[in-house]
Every structure is written in structure tokens, then in C-alpha cells.
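Let's take a walk through this structure together, one topic at a time. Please have the sequence and the 3D view open as you read.

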Amino acid sequence: MEQYSITLLVLLLPLAAFLFLGLFGNRFKPLTAGLIATIEMAATTVIAYFTAFKYFTSDRLADGTFATCIPFDHVWLPFGKTLTFNMGILLDPISVMMLIVITTVSLMVHVYSLGYMKGEKGFQRYFAFLSLFTMSMLGLVVATNIFQMYLFWELVGVSSYLLIGFYYTKPSAIAASKKAFIVTRFADLGFLIGILIYGYYVGSYSFEYSVHIKAIAAAGTVIPLALGLMIIGGAGKSAMFPFHLWLPDAMEGPTPVSALIHAATMVVAGVYLIARLFPLFIGYAPDVLHIAGYVGAFTALFAAVIACVQTDIKRVLAFSTISQIGFMIVALGVSTSTDPHHGGLGYMASMFHLFTHAMFKALLFLGAGAVIHAVHSNEMKDMGGLRKYMRVTHFTFLIACLAIAGIPPFSGFFSKDEILVATFMFSPVMGYLMTFIAGLTAFYMFRLYYNIFWAKPCELKAGHDGHVHTPHEAPAVMTVPLVILAALTCVVGYIVPFGKFISSDGSAYHIHIDLKVAVTSIVVAVIGIGIARVMYRGASRKIADGLERNFGLLYRAAVKRFYIDEIYQFITHKIIFALISKPVAWFDRHVVDAFFDGLAWIAHVAAAKIKGLQSGNVQSYAVVFLWGIIAIMAALLFITFGVFWLL
Amino acid sequence: MNYSQILLMRPELSLIALIVFYLLYDLIAGEKGRKYFHLVVSLGLVAHIAYNLCPTGAVSISEGMYLSSPIIGIVKTILTFGTLIVVMQSDLWLKREDTVIRRGEFYVITLFTLLGMFYMVSSGHFLLFFIGLEMASVPMSCLVAFNKYNHESVEAAAKYVLSALFSSGLMMFGISFIYGLNGSLYFNDLLQTITASPAQIMALVFFTAGLGFKLSLVPFHLWTADVYEGAPTNVTGYLSVVSKGAVAFVTLTILLKVFVPLLGEWQQMMWWMIVASITIANLFAIRQKNIKRFFAFSSISQAGYIMLAAICATPVAMTSLVYYVIVYMVANLAVFGIISVVEQRSNGKVGISDYDGFYQTNPKLAFVMTIALFSLAGIPPFAGFFSKIFVFWAAFKAGFWVLVFIALLNTILSLYYYLLIVKAMYITPNDNPITHFKSDGYTRVSLVLCLIGVLVLGIVSSVFGILNAYSFGL
């Protein structure tokens with residue numbers, strides 16, 4: 001255990017950077033502050049890699065699994081006799097993998113931000129919050145118990161709110177971050193109640209289930225309820241239907257932040273949560289897990305359809321993220337046992353996809369950021385033909401698109417294939433559905449790709465100084481992260497023998513490609529790409545426009561994201577405000593006041609002597625007071641004795 | 001009676017010494033000495049806190065009329081700390097032309113109310129309790145009326161006096177019932193004689209209504225918004241935090257010491273009052289335009305959360321309650337400190353819309369305000385999150401699932417309206433924002449203290465642990 005002492009630095013370094021930059025950031029030049037944060041992040045990344053290397057090269061236990069290491073588990077608060085809130089670090093295959101994912105993407109985003117955010121106001125603060133976010137996310141994945149996870153879970157929400165809302169001066173961005181904050185808080189309500197129930201019945205929050213196996217078994221029937229409630233929290237963070245609506249709006253924030261938060265880290269917290277609780281789900285609540293899987297499948301389809309018609313490139317990526325997370329949830333949801341050879345494949349597939357998706361989706365966002373940086377717009381119509389101007393971005397973006405579409409040998413193919421295999425094992429219908437969604441994914445990603453880099457050349461607009469700007473490639477500090485992520489996307493699929501390290505029961509599992517599934521999915525993906533090419537590559541968009549005309553209703557519905565936002569708007573504004581808040585206010589103003597005014601009038605007459613006092617209302621306050629007492633007393637006596645006249 | 005026993009009332013005696021000293025200081029110190037009055041008062045309170053910091057053992061004077069225990073000592077220290085913060089924040093206000101000559105009165109009256117609260121939390125007899133309560137509330141109305149040339153302040157004081165008298169009368173009615181039915185007012189005796197008979201329940205309801213008035217729980221809350229709005233801002237802060245904290249603590253101790261046989265009735269009654277307080281106050285807070293009124297409703301709903309701990313009547317609940325009070329104190333006093341300094345520096349701006357664009361001109365104050373609001377809304381890693389978790393957990397463990405669920409739903413509603421202020425400060429454009437100003441040294445120190453409290457109290461878990469260790473002794 002002692003050999004992992006250094007892992008504590010993974011949390012402490014970002015925290016130190018946050019405090020340092022938060023307190024003294026403004027004393028430094030912006031670039032210096034940025035470099036401090038970046039160097040700190042690089043050190044954190046090195047430590048994370050070191051930990052991972054050590055962990056995965058250590059000897060396996062007798063049953064072929066890696067030992068779960070808990071180098072730190074500090075009793076933070078003894079609450080009650082048995083229950084304690086702990087803070088610590090837990091290392092097991094998935095948390096170590098998440099360490100790698102988070103630090104890698106975060107480092108890339110740090111470097112990229114040096115270029116992308118250059119000259120923005122509040123540069124130092126931005127990096128301080130970036131460190132805070134990284135710290136919270138790392139704290140979440142290494143949590144030793146559910147409570148610590150919840151704590152960092154909320155902290156992740158706060159820091160992402162700060163990162164977008166406090167840095168950005170755009171009102172829409174702040175409104176969006178507020179929306180994200182409140183929607184996810186709402187979902188977290190479920191999480192918290194689930195935690196309370198779980199703690200109450202099991203008496204421990206620890207993730208070491210084997211220690212508390214008796215208590216868990218004794219709590220049997222409430223475990224599904226607790227887990228179901230916790231999953232709601234997961235659905236909120238991971239933007240599953242019906243909580244998905246915050247994610248597209250959150251795209252108003254700066255693009256590197258989206259790459260970090262909305263592609264690779266925070267949004268997969270829900271998937272990670274389910275993976276963490278996986279043994280409990282399999283043991284006590286498989287039905288809950290399957291329901292989550294169905295919701296995931298629906299979300300994947302729903303988001304993919306919407307992604308096909310969005311015109312803002314970041315929103316396309318946002319819906320794509322929702323859809324891909326749906327894939328991960330489906331993979332977990334179709335698991336039926338912890339044996340990877342019999343129904344437990346999905347666990348590995350899900351984690352694998354999480355891993356590869358983090359890389360290529362971060363790459364896509366950062367690439368989109370470079371494009372936005374070049375053309376100063378998020379809209380597809382302002383782009384086109386950019387391949388000539390931005391060669392590096394074009395090339396890396398293409399790799400990411402191929403990866404997400406599931407074309408070998410890029411990483412996405414391998415992980416998606418495992419998901420499809422797992423799904424086919426569970427139910428062929430769902431397998432075909434997911435294959436179809438994979439095809440849709442290929443279509444909308446290449447629609448995006450062709451619209452940005454091919455199609456008609458974009459109209460060159462005159463800048464402020466009068467002469468025409470041609471879009472130019474981003475500076476090296478931005479393209480280098482792109483190239484690194486692209487390289488990772490090319491290799492992680494087959495270089496890393498993923499199943500050897502992570503599988504549902506911990507033992508080594510050799511990934512093998514199921515030829516039938518693989519060929520089907522490749523064919524479907526190629527068809528999707530082909531359709532996109534025919535429709536969007538050329539300068540004219542006859543077919544696309546024709547389709548939009550012919551399927552007008554569906555198209556418009558999809559553009560409007562199936563009116564989900566409007567429905568929420570309707571519920572909150574029309575129903576809650578109009579039907580509850582306003583009537584309460586009206587009731588208060590007219591009925592209550594009038595009633596008590598009447599009573600007060602009686603009191604008035606009786607107390608004519610103090611009428612000279614200018615306060616018109618204090619008498620009615622007293623009357624309410626009195627009636628309050630009488631009502632409470634009547635109710636209490638009625639409840640206790642059933643009758644009044646015993647008095 | 002052995003009069004040397006009186007010497008055991010250490011916090012009270014040192015406070016009385018301070019009061020006498022300030023009275024004399026006000027008389028004797030000339031124009032020059034008065035300049036340092038504020039410093040002297042602040043340091044005196046710091047000395048008082050230091051002197052009484054170490055919790056004493058259990059004390060019982062004159063057959064249990066006056067009781068003290070470590071947790072009671074801690075509560076007194078917390079109340080003194082809150083008073084210190086309020087006093088510090090009032091420097092700017094007390095330098096105004098109409099208040100500067102009366103500043104000595106302000107200090108002395110404030111300390112008198114504090115003394116009343118001390119006796120209230122230490123009481124082991126209903127009469128001492130009632131005297132303490134009145135001692136805390138009668139001078140309070142003088143404080144509410146302290147801006148005596150201000151129409152609203154005087155009106156608020158009149159409302160406060162009338163409502164307080166009314167509630168005290170009803171409470172006295174309840175106490176007289178208790179005496180009539182049980183033949184004693186000592187808490188120790190009552191525990192054995194109280195039974196769940198209708199008349200006893202009636203006494204409980206009248207008594208609780210009086211407490212509910214002080215805590216401003218629905219339906220006894222109607223005075224709150226008017227009084228909070230009209231009172232001088234610093235006094236509002238004092239009312240909303242220190243006075244409320246003392247009564248909240250007393251509510252739970254009296255419940256545990258006296259009304260245990262009526263626990264079921266108490267819980268049924270509280271259940272509805274908590275739900276009504278939290279929900280109604282939250283719904284009304286959304287509509288408010290005046291920031292002091294806004295925080296009046298916010299404090300009503302916070303009182304509901306405090307009572308969430310009081311409903312379960314367990315030692316852990318006691319810890320959670322005291323902890324909640326501390327955390328609420330630092331966050332709310334940070335808010336009122338800012339409201340006060342803004343009001344003084346901007347010629348009395350107290351509308352929420354006046355805070356539009358506040359961040360552009362006064363980023364640091366806006367930042368402190370935001371953190372305090374986050375804490376009030378219960379967002380980690382700020383202390384408010386932990387205090388909420390603890391009361392929820394205590395209530396949950398006592399079996400109040402539905403209640404916890406309703407309270408949790410309300411936290412989201414409260415997050416919404418607290419963020420409304422954040423939004424006003426950071427986003428809403430304003431052509432004419434509050435201009436940039438430098439806040440005075442006292443306010444700064446007090447805000448830093450509050451900020452440290454908000455940031456540290458939650459993360460340093462030993463605070464809760466220490467409270468928990470003492471509250472078992474009760």
C-alpha cells in the first residue's frame with residue numbers, strides 16, 4: 001500500500017494550484033499563471049501514469065484479479081455508532097483507468113487553453129477553476145465510499161458552474177451554466193435520498209462490498225430502491241433522457257471547457273457510478289440495471305436523431321456525446337452477470353468505450369474549437385472548404401470522425417464492437433437498434449465533417465480593419481494537443497489490451513472481435529458515411545434540401561429537439577409558476593388577507609382605542625397567530641384523541 | 001441560598017461586567033475616548049469569548065433553576081461570536097449623524113439582549129426562561145426602532161412590540177397551564193408529571209407558539225418580513241441569526257428536558273410547521289424585490305431546516321442543530337454585512353435590482369456574497385452543504401422520510417432564488433450600478449471571519465465531532 005502514497009499528490013497538486021492561483025493569480029502575468037497550472041497538471045499526469053504503471057504491473061491475486069488498494073482511508077467523520085464518512089483513495093482497475101483518462105484530457109485542455117483563451121479577461125481565474133475541476137473529478141473517481149463520491153460529485157457540479165458562469169461574460173453562457181447546475185442538482189436529489197436510504201439500511205458507505213455482504217443482504221429489498229434513486233443522479237450528470245437538456249445549452253461555454261467537462265470527464269460520471277456499483281446491481285437489482293439500459297438506448301437514438309439536424313457544430317457534438325454515453329449505459333444495462341464470458345461483457349465494453357470516447361471526443365471538441373477560433377462562428381453555414389486552410393485540424397478531425405463512426409483500426413471501432421456484441425447477447429432487437437444508431441452516428445459525424453471541411457468554400461468576411469481575413473491554422477500550442485490525441489485515438493484500440501486489465505470480475509479477458517457483428521457495423525457505418533458524402537460533400541445540397549422539404553414535420557421537430565425544452569418551459573413556467581406560485585400568492589392576497597381583514601375588522605372595532613396606531617396589519621397578524629394555535633391544537637387533539645369534547 | 005453559587009454563572013457575570021463598563025465608559029470617556037468606543041466594544045467581546053472559551057462542567061444553581069453544561073457554554077460562545085460580528089459590521093452605520101451620539105446605547109442594549117439569551121439557554125425553570133426571553137425581546141424592540149427618525153424603523157418596532165407582547169402573553173398562558181397542571185415549573189420536576197392529556201397538550205401548543213413566533217415559523221411568521229425590512233440592517237442581521245439561534249437551541253433543550261412524554265404530539269405539530277415554513281417562505285422569497293425582505297423569507301425557510309433537527313430529539317440532532325446554527329450564522333452575517341455596507345455607502349439602496357452589475361464595480365464583495373449564498377443554498381464544499389446533510393441525516397434516521405424529501409425539494413427551489421441574486425450581481429446589465437467603494441476595516445475583518453467560517457467549518461470535520469462529544473452530556 002505504501003508504494004501508492006504518492007498518489008495522494010494527484011489530488012493535492014491540483015488543489016494547491018487552485019488555491020495558489022485563486023489567491024495570488026492576479027499577481028502574475030496571465031501566461032505565467034497559465035503555465036503554472038499547466039506544469040502542475042503535467043506533474044499530476046506523470047504521477048497518475050506512474051500509479052497506473054505500478055498498479056497494472058503488480059502481481060495479480062490468486063484468482064487472477066488485481067488487488068483493490070486503499071492507500072488512504074481517513075475516517076473523516078464518525079456519524080453514529082457504525083456509520084462513518086470516510087475520505088480516502090481507492091485504487092482498482094477502473095479508478096486507475098479514470099485517473100489516466102482525466103489527467104490526459106485535462107493536460108491536453110490546459111495546453112490547448114493557453115492558446116485558445118489567450119487575451120481573454122480572467123485568464124488566471126480560468127486556470128484556477130480548471131485546476132479545481134480536475135481536483136474534484138479526480139476525487140470523485142478515487143472515492144472509497146459513496147459519500148465521498150457524492151461530495152466530489154457536487155463539487156464537480158459547482159466547479160463546472162464556476163468555470164462557465166464565472167469566467168464567461170456572455171449572458172447566455174451564464175444562463176446555461178445555471179440551467180446545468182439546477183437540472184443536475186435536481187437529479188442529485190435522487191442520488192442523495194438513495195445514499196441516505198442505503199446508509200440507513202446497510203450502515204456503511206464503503207465500496208468494499210465483500211466486507212459488508214451480510215448487511216447488504218439483510219437490506220435486500222430496499223437496495224433496488226436505493227440504487228434506482230442513485231442512478232437518477234447518474235442520469236442527471238450523464239445527461240440521460242429526460243435530464244439531457246442541460247448539455248446542449250452548456251455548449252455556450254468556452255470550447256476547451258466543453259472538451260474537458262462535457263466530453264471526457266463530468267458527463268461520464270454517471271457511467272462511472274453505475275460501474276462502481278456494478279456488483280450491487282448484478283447481485284440485488286438487475287432489473288434496475290436493465291431499465292437504465294433501456295433508457296440509455298432510447299437516449300442514444302433520440303440524441304442521434306437530433307444530432308443529424310443541428311447546425312451549430314458544438315451542439316452536434318453535444319448530442320453526439322449524449323448518444324455515445326447512451327451506448328455506455330446500454331453496455332452496462334445489458335449485463336446479466338459478473339462473469340465476462342457469460343453476460344458480463346458489457347461492463348468491460350462500457351469502460352472501454354468510456355476510455356476511447358474520452359480521447360476522440362475531446363479531440364473533436366478541441367478540433368471544433370480550432371475551427372471556431374478560425375472562423376469566429378459556431379454555425380455550419382459560415383464554414384466549408386476549410387481543409388485547405390487548416391490541414392492539421394482537418395486531418396485530426398477526420399481521424400476522430402472515423403473513430404466515432406467505428407471504422408477500424410481506430411479506437412472507437414473496437415470499443416463499439418464490444419458494446420454491440422454484448423447487446424446482441426442480451427437481445428438481438430436491441431443489438432440491431434444499436435447497430436442502426438451506430439450508422440446514424442457515422443452519418444451525422446460525416447455530415448459535420450463535410451460541412452466544415454468540404455462543401456462550398458465559406459464566404460470570406462471583411463474584418464474590423466477592412467481587409468479580408470482568410471481562416472488560418474491554429475497556433476502550435478493548440479495543434480499539438482490535437483495531434484497527440486489523434487495519435488492516441490489511432491493506437492489505443494488495439495495496442496492497449498483493455499480486457500486484460502478491466503473486466504467485470506477483474507480477471508483477464510481476451511478481447512476477440514466477433515466477425516459477424518464487426519462486419520455488419522462496419523458496413524452500416526460505411527453506408528452512413530456514404531450518404532453523408534453524397535448529401536453534403538458537394539457545393540450544392542440538393543438532396544439534403546429535398547429531404548428537409550419532404551420530411552418537413554419530422555425535420556422541424558428534430559431541429560427543435562422534439563420540443564423537450566418547450567415542454568419543460570411549459571411545466572415550470574405555466575404549471576409551477578402559474579398554477580402553484582401565482583394562486584398561492586393570489587390566495588394569500590385575496591382570500592387569506594380578506595378573511596383576516598374581516599376578522600381584524602372585528603378586532604378593530606373591539607380595540608377602537610388603539611386605532612390611532614398607524615399599522616394597519618399587525619392586528620391581522622395576531623389573528624393569524626391565534627388561528628394558527630387553534631388549528632394546531634384542534635388537529636393535535638383530534639389526531640390524539642379523536643374527539644374534541646374530552647377537553 | 002448560598003450566594004457564592006452565583007459566581008458560577010461565569011458567562012453572565014463577565015457579560016454584566018462588560019455592560020457596566022460600557023455604561024460608565026459612555027458617561028466618562030469624553031469626545032476623544034468615544035472615538036475608540038467601537039474598538040473597545042469589539043475587543044471586550046473578543047475578551048469575553050476568550051474568557052469563556054473553555055467549556056465548563058455541569059453547573060446547577062438554586063435547585064436547578066440555572067443550569068449549565070459544556071454544550072450550553074458552547075452555544076453562549078457562539079452567540080457572543082455572532083454578536084461580535086454584528087457589532088463590528090455596525091461601525092459605519094453608527095458613525096452616521098443621527099446615530100453617532102447614541103452609539104453607546106446601541107452597544108449596551110445589544111449586550112442586554114445577549115444577556116437575556118444567556119439566561120434563556122441556561123434556564124432550568126420556566127420563570128427564568130421567560131425572564132430571559134423577555135430580556136432578550138424588549139430591548140430588541142429598541143434596537144429595531146434605533147433609526148428613530150426613520151418612519152419605517154419606528155413602524156417596524158411597533159409591529160415587533162405588539163406581536164412580541166401578544167406571543168409572550170400566549171406563551172405565559174401556556175406556562176400557567178403547565179404550572180396549574182403539574183404544580184411546579186422546574187424542568188426536573190416536570191419531566192415526571194407531564195402526561196399526554198388534552199390540557200397538557202394545550203399547554204404545549206401555547207408554549208410552542210411563543211417559540212414559533214421567535215423562530216418565525218409559519219403560521220407565526222407574519223411579523224418577520226415587515227420587521228426585517230424596517231429595522232436597521234445590522235439589527236436585522238442580529239435578529240435573523242443570534243436571536244433565532246438562541247431560541248432554536250432552547251426549543252430543543254426544553255423538548256428534551258420537559259416535554260419528552262409529548263414527543264409524538266410535538267413531532268406531528270412540528271412536521272406541519274416545518275413543511276409550511278420551508279415551502280411557503282421559499283415561494284414568497286422568489287417574488288421579493290427588497291433584499292432585506294428577501295432574506296426575511298430566506299430566514300424563515302432556514303428556521304424550518306433548523307427545526308428539522310429539533311423534530312427528532314436525539315443527541316445527534318442536538319449536535320446537528322448547533323452546527324447548523326453556527327454555519328447559518330457565518331453565512332447569513334456575511335450577507336447582512338454586505339447589505340449593510342452597501343446601504344451605508346450608496347445612500348440606502350436595498351432593492352435586489354440595485355445589485356444589478358454589482359460584480360463589475362465591487363468584485364470582491366460580490367464574490368463573498370456569492371460564496372455566502374452558495375453556503376445558504378447548501379452547495380459543497382461550503383459549510384452549508386454539510387450542515388444540511390447533518391440535519392437531513394438526523395431527520396432521516398429518526399424516520400421522517402417524507403419530510404426530508406420535501407425539504408430536499410425545497411433546497412432546489414432555494415438554490416433557484418439564491419442564484420437570482422448571483423445572476424443580478426454578475427449578469428444583469430445596469431447602466432447605473434452601485435459605484436465602487438471601499439468598505440471599512442471592521443466590515444472587512446468581519447467578512448473575512450465569516451468567509452473563513454464558511455470555507456473551513458465544513459471541511460474541518462472535527463468541529464462536528466467536538467460538538468457531538470459535548471452534546472451527549474447535554
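## Ground rules and one glycine

A residue is called buried if 20 or more other C-beta atoms lie within 10 Å of its own, exposed if 12 or fewer, and partly exposed in between, with C-beta atoms placed from the backbone. This is a predicted model, in which local features need pLDDT of at least 70 and side-chain atom pairs count only at pLDDT 80 or more, while totals for chains, interfaces and linings use all residues. Residues are numbered from 1 along each chain as its sequence is written, and chains are lettered from A and ligands numbered from 1 in the order in which they are written.

Is Gly628(A) buried or exposed? Gly628(A) has 22 C-beta neighbours inside 10 Å, so it counts as buried. You will find Gly628(A) in helix H25 (residues 618–641) of chain A; helices (H or I, at least four residues) and strands (E, at least two) are DSSP runs, numbered from the N terminus. Leaving aside neighbours within four places in sequence, Gly628(A) is in contact with Ala209(B), Pro219(B) and Phe220(B), where contact means C-beta atoms, placed from the backbone, within 7 Å.

## Chain A overall

Chain A has 25 helices and two strands, and 55% of its 647 residues count as buried. The two strands, E1 (residues 69–78) and E2 (residues 84–91), run antiparallel and are joined by seven bridges; strands pair if DSSP finds at least two bridges between them. Asp73(A) stands opposite Gly88(A) in E2(A). Six of the eight residues of E2(A) are buried, so this strand is largely enclosed by the rest of the structure.

## The nonpolar core

A nonpolar core is a set of buried Ala, Val, Leu, Ile, Met, Phe, Trp, Tyr and Cys residues joined through C-beta atoms within 7 Å. The largest one holds 420 residues, and Ala362(A) and Leu321(B) touch the most other members. Helix H15 (residues 315–345) of chain B gives the most to this core, 22 residues. Domain 1 (2–461 + 470–559) and domain 2 (563–641) of chain A both contribute, so the core lies between them; the domain bounds come from an automatic or database domain assignment.

Not counting residues up to four places away in sequence, the partners of Ala362(A) include Val105(A), Met108(A) and Leu485(A).

## Where the chains meet

On the chain B side, 47 residues are in contact with 41 residues of chain A. Helix H19 (401–426) of chain B supplies the largest share of that side, nine residues.

Definitions and conventions:
Two residues are in contact if their C-beta atoms, placed from the backbone, lie within 7 Å.
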